[in-house]
Amino acid sequence: MSEITPPRIEGRVEVRDGRKLGFAEFGPPDGRPIVWLHGTPGARKQIPEDARLAAEEVGVRFVGVDRPGTGLSTSHLYGSILEFTDDLRILIDELGFGDLAVIGLSGGGPYALAAGHAMPDRVKAVGVLGGVAPTRGEDAIGGGLVSVATRFAPLIPPFRVPLGLTLGLVVATLIPVGRPALEVYARFSPPGDREVFAREEIKAMFINDLTDTRGRLRAPIDDVILFTRDWGFRLQDVTPPVKWWHGDADHIVPLAHGQHCVERLPNAELFVRPGESHLGGFGAAEEVLETILAAWDQKPAKETAV
């Protein structure tokens, strides 16, 4: 099994109502903080090895955060994606962050945008890798895997607990045969994703990350519930710079969704990954980090007097 860089530190922070959020840190403790929000499913260690190594080189303190219901985090269903930022703010305060950047992968994308909306004075840049687009309200767009879930949206909340338990049991069953299971999944994936899964360090990351969910996978079910609701904010109100990467062969979240969101965000830039699918962002880790830090350092344009 390929060796991957372990977290420098892991732990839990108490947030509202006595609940806890789990986190894992990579990179130097005095580095610039970047919060990494995992995909659906996922947990705090779903950070590619290239990003972990680059963090050491450029002085970045990466913090992966478990969403409620996976890893070390207490299960909890928010009323909207925006409500997550109340807990995130407590976590980053406890970790001593001032300014920071946020990166969201796939299902973590909406939460990263929510952080930019809720804390525009602190979030200096937002990165989104193949992010999910809204399914409700004026920012909504159809198509893609998440839009299928909107048809069953009223049926999911009453069964979130048994669905989460079932998903956890399935993953727990697959963990002993994790590598062959990933290879089978890759065989039925688009060419771009097959290339990603061919990398030993990516396989190791996914196995390590899912092993650490401890069979607790309510978070993906809760993600789907929240994706099919109003997010609690409008894309036009996310003011920090947003850098968005998207594969043009994405079979889960179509490129059109990325284009749709970037058009509505007031300060956003789209980077299309030719020939890559949903996991293409893992292959762009160093580019993502470099671009996010450059956006962080860029001085906001001053208004000129008329």
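Contact means heavy atoms within 4.5 Å. In this predicted model, local features need pLDDT of at least 70, side-chain atom pairs count only at pLDDT 80 or more, and totals for chains, interfaces and linings use all residues. Residues are numbered from 1 along each chain as its sequence is written, and side-chain values use heavy atoms, with hydrogens and water left out.

With neighbours within four places in sequence set aside, His-260 is in contact with Asp-139, Ala-140 and Ile-141. His-260 sits in helix H10, residues 255-264. Helices (H or I, at least four residues) and strands (E, at least two) are DSSP runs, numbered from the N terminus. Buried means under 20% relative accessible area, exposed over 50%, and partly exposed in between (1.4 Å probe, protein chains only). His-260 has 10% relative accessibility and therefore counts as buried.

The chain holds eleven helices and eight strands. Of its 306 residues, 55% are buried. Among contacts in the chain with a separation of 6 or more, 79% come from residues 24 or more positions apart. The chain exposes about 12,900 Å², and carbon and sulfur atoms supply 55% of that area. Accessible areas come from the Shrake-Rupley method with a 1.4 Å probe; for residues, only the protein chains shown count as cover.

Two packed helices are described by the angle between their axes and the distance between the axes. Axes are lines fitted to C-alpha atoms, for helices over the stretch in contact, and angles run from 0 to 180 degrees between N-to-C directions. Angles under 35 degrees count as roughly parallel, over 145 as roughly antiparallel, 65 to 115 as roughly perpendicular and the rest as oblique.

Helix H1 (residues 49-58) packs with helix H11 (residues 285-297) at an angle of about 40°. Their axes are 8 Å apart. H1 and H11 are therefore oblique to each other. Their crossing is right-handed. A crossing is left-handed if the near helix is turned anticlockwise from the far one by less than a right angle, and right-handed if clockwise. H1 contributes Asp-50, Ala-51, Ala-54, Ala-55 and Val-58 to the contact. H11 contributes Ala-285, Glu-286, Leu-289 and Leu-293. By class, the contact of H1 with H11 has seven nonpolar, no polar and two charged residues. Ala, Val, Leu, Ile, Met, Phe, Trp, Tyr, Cys and Pro count as nonpolar, Asp, Glu, Lys and Arg as charged, and the others, Gly among them, as polar.

On H2, the contact is made by Phe-84, Thr-85, Leu-88 and Arg-89. On H3, Tyr-111, Ala-114, Ala-115 and Ala-118 take part. The classes in the contact of H2 with H3 are six nonpolar, one polar and one charged.

Helix H9 (residues 218-227) is mostly covered, with eight of its ten residues buried. These are Ala-219, Pro-220, Ile-221, Asp-222, Asp-223, Ile-225, Leu-226 and Phe-227.

Most residues other than glycine have a negative phi, and most peptide bonds are trans. Asp-17 is not a glycine, yet has a positive phi of about 60°. Asp-17 lies in the loop between strand S1 (9-14) and strand S2 (20-26). Its relative accessibility is 73%, so Asp-17 counts as exposed. Ser-106 also has a positive phi, near 55°. At 10% relative accessibility, Ser-106 counts as buried. A cis peptide bond joins Thr-40 and Pro-41, with omega about 0°. Pro-41 belongs to the loop between strand S3 (32-37) and H1.

Gly-130 is found in the loop between strand S6 (123-129) and helix H4 (144-150). Gly-130 counts as buried, at 4% relative accessibility. Beyond neighbours within four places in sequence, Gly-130 is in contact with Ser-106, Trp-244, Trp-245, His-246, Asp-250, Val-253 and His-278. The C-alpha atoms of Gly-130 and Val-272 are separated by 9.8 Å, although these residues are 142 residues apart along the chain. Arg-194 lies in helix H7 (residues 191-197). At 37% relative accessibility, Arg-194 counts as partly exposed.
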